[in-house]
Amino acid sequence: MPPLAQSLAQFNRRSALGLFGAFAADAALAPTMLRADVNPDWTTPMPPFRIAGNLHYIGSRDLASYLITTPKGHILINSNLVTSPVQIRASIEKLGFHLRDVKVLLISHAHYDHCAGSAEIKRLTGAKYMVMDADVSVVESGGRTDFQYGTDPTMHFPATKVDRALHDGETIQFGGIELTAHKTPGHTKGCTTWSMDISNDFEFQKAAESKAAGMQGGKIQFHVVIVGSPNVNPGYRLVDNKKYPQIASDYEQCFHILRLLRDCGIFLGAHGGYFNMLAKYARLKAGDAAAFFDPAGYKSYIAERQQAFEAELARQKKPHPG
């Protein structure tokens with residue numbers, strides 16, 4: 001979840017309840033309806049589209065959700081808000097697929113804006129829910145064991161049973177697809193960055209080769225990286241954090257792992273804002289088949305986020321006057 005300062009725009013609750021009335025009718029979900037400060041871009045639908053190969057974007061204007069299609073069924077990454085399954089299903093159907101064919105459910109991390117819809121997705125599909133080990137207790141407690149937000153009811157979400165606990169570097173093989181789960185902790189203890197390869201997309205390859213012609217080395221990468229989150233949220237204590245003593249070293253490990261993924265060709269993330277999604281989508285619609293080919297953007301983003309973390313850590317380490 002990005003810094004809450006980026007999410008101060010007020011959302012009209014009455015409109016939300018009208019749009020997602022099916023969820024409001026469910027008493028189990030009613031206590032976890034949208035926060036008043038939810039960014040409108042988190043709930044505004046985005047036309048679904050194919051990024052490359054069998055990888056599709058089915059999220060909102062900022063809350064990213066991805067569908068990976070296979071002949072044996074589909075993989076969904078991020079269920080988003082408690083109200084999001086309605087939008088996710090509509091996006092999947094616009095692409096010509098069916099929500100019922102989702103067989104594997106994954107998330108980027110255990111914050112309500114990325115996993116609150118998981119209980120409903122599981123109910124509708126029977127998908128196997130797979131979560132990084134260190135985030136399992138947060139998911140299964142509905143956010144109540146989160147180190148930062150556990151005592152804040154507005155950050156809670158429907159508790160959801162996890163079918164498989166993942167470990168750093170573990171792979172998920174399904175329908176000819178191999179996804180690797182990279183533990184990039186700090187933002188949450190089990191924050192997960194996903195990677196996979198794109199193949200057999202010759203239109204993308206041709207466009208990417210044209211773009212890479214002016215790059216140093218001219219090497220084409222078809223490696224997809226979906227960044228979990230490297231952000232330090234407001235209120236996070238990086239020093240003397242009794243509930244998460246190793247938080248600073250975990251962030252350092254996060255950036256170490258992200259730097260190792262420097263062969264990233266297609267840069268994506270848990271929020272569209274991480275990878276300038278709206279601008280790239282506009283280029284895609286204008287005919288740029290490799291609009292999401294952005295190795296330089298990935299490196300720049302990771303470097304900027306690491307600098308922000310280090311600056312905040314240095315600030316917190318400074319002795320307070322008096």
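Biologist: What is the mean pLDDT of the chain?

Modeller: The mean is 87, and 85% of the residues reach 70 or more.

Biologist: Where does pLDDT stay under 50?

Modeller: Over residues 1-32. The model still has 70 contacts there beyond four places in sequence.

Biologist: What should I make of coordinates where pLDDT is low?

Modeller: Where confidence is low, predicted coordinates should not be read in detail.

Biologist: Moving on to helix 7. Which of its residues are buried?

Modeller: Helix 7 covers residues 202-212, and its buried residues are Phe204, Ala207, Ala208 and Ala212. Seen down the axis of helix 7, they fall within an arc of 135 degrees, so they line one face.

Biologist: Why do residues three or four places apart point the same way in an α-helix?

Modeller: Because an α-helix has 3.6 residues a turn.

Biologist: And what does the face turned away from the buried side of helix 7 carry?

Modeller: The exposed residues Phe202, Glu203, Lys206 and Ser210.

Biologist: What covers the buried residues of helix 7?

Modeller: The cover includes strand 1, residues 49-52, and strand 12, residues 264-269.

Biologist: New topic. How many disulfides does a search of the whole structure find?

Modeller: The search finds 0.

Biologist: Is Cys254 buried or exposed?

Modeller: Cys254 is buried, with a relative accessible area of 1%. Cys264 is buried too, at 0%.

Key
Residues are numbered from 1 along each chain as its sequence is written. This is a predicted model: local features need pLDDT of at least 70, side-chain atom pairs count only at pLDDT 80 or more; totals for chains, interfaces and linings use all residues. Side-chain values use heavy atoms; hydrogens and water are left out. A disulfide is a pair of cysteine sulfur atoms within 2.5 Å. Buried means under 20% relative accessible area, exposed over 50%, partly exposed in between (1.4 Å probe, protein chains only). pLDDT is the predictor's confidence in each residue, from 0 to 100. Contact means heavy atoms within 4.5 Å. Helices (H or I, at least four residues) and strands (E, at least two) are DSSP runs, numbered from the N terminus. The arc is that of the directions from the helix axis to the C-beta atoms.
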